[in-house]
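This report examines a metal site and a helix. The structure under discussion is shown below.

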Amino acid sequence: MKSECNCDWKGQHEVKVEYDSIEKCPKCNKAISPERLHAIVIEKDKGYWFYVSDFCSACKSVIITEYRLEADGRDRFDRIHRFNNSEFINSAPIIFQEEKFDEMIKKISSQFVKIYNQSLQAEKMGLDEIAGLGYRKSVEFLIKDFAIYENPDKVEEIKNTWMKVCIEKYIKNEQIKVLAERSDWIGNDEAHYIRKQENRDITDMKKFIKAMVYFIGMTLITEDAESMENKNNRG
Ligand SMILES: [Zn+2]
């Protein structure tokens, strides 16, 4: 939401700041119409910064949001009097909510669940490069642990093989195979200097991970159903 506010500038005069106020509270994740409590503009690190505190009436918390500013209006004394360009940096406090996974997935790969959630936390904190590496690692654990579950006699081989080989050799379900392979392509981009899949990023990888989790879950349920003994023909 476009907002505007007048701030005191070094105790000398007022400056007008245009900015996009937050629409979601970072703490409770509810959509909010923030009530502005206070705002300041400061000069530091060779730039201009804007801090605004808002009140979230849903969780009764004070939220501080930081913006980077570019001065683009000066008065006849050559003093800054307007900031039209503001870039949102972050809002705090952030309360991190873990992604919940089914018990079946946790049982097969507790490491996947742990690494995925650490990556999600990094992403929420704006550490997108680290998050990308984390998601890549989570895919490797999910696929290898699932492969081990399906091929219990090949534990050492699967642990020591490349992801690419593991997918080709030990993943039978075609959907999981495609999703794992494509996630691996994006994952390699997150780990290497040169990006090959230019139009793909961790948003795609996360979608693929969700779909893999779904198909792995369905496979496990189907295998459980198949393990039933037919007792209908008795007697
Ligand atoms: Zn809130």
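## Zinc site

In this predicted model, the four donor atoms around the zinc ion subtend angles of 104 to 114°, so the arrangement is tetrahedral. The protein donors are the SG atoms of Cys25, Cys28, Cys56 and Cys59, lying 2.3 Å from the zinc ion.

Along the sequence, the donor residues of the zinc ion follow the spacing C-x2-C-x27-C-x2-C. Cysteine 25 is in the loop between β2 (13-20) and β3 (35-44), whereas cysteine 56 belongs to strand β4 (residues 47-56); the pair therefore ties together parts that are 31 residues apart in sequence. Cysteine 25 counts as buried because its relative accessibility is 0%. Cysteine 56 likewise counts as buried, at 0% relative accessibility.

## Helix α7: burial

The buried residues of α7 are Ile202, Asp204, Met205, Lys206, Phe208, Ile209, Met212, Val213, Ile216, Gly217, Thr219 and Leu220. An α-helix has 3.6 residues a turn, so residues three or four places apart point the same way. The cover over the buried residues of α7 includes α1 (103-108), α2 (110-124), α3 (128-150) and α6 (174-191).

Conventions
Residues numbered from 1 in each chain as written. Predicted model: local features only at pLDDT ≥ 70, side-chain atom pairs only at ≥ 80, totals over all residues. Heavy atoms only, no water. Buried < 20%, exposed > 50% of the residue type's maximum accessible area, 1.4 Å probe, protein only. Helix = DSSP H or I, 4+ residues; strand = E, 2+ residues; numbered from the N terminus. Contact = heavy atoms within 4.5 Å. Donors = N, O, S within 2.8 Å, 3.2 Å for Na, K, Ca; no water. Tetrahedral: all angles 85-135°; square planar, octahedral: opposite > 155°, others 65-115°.
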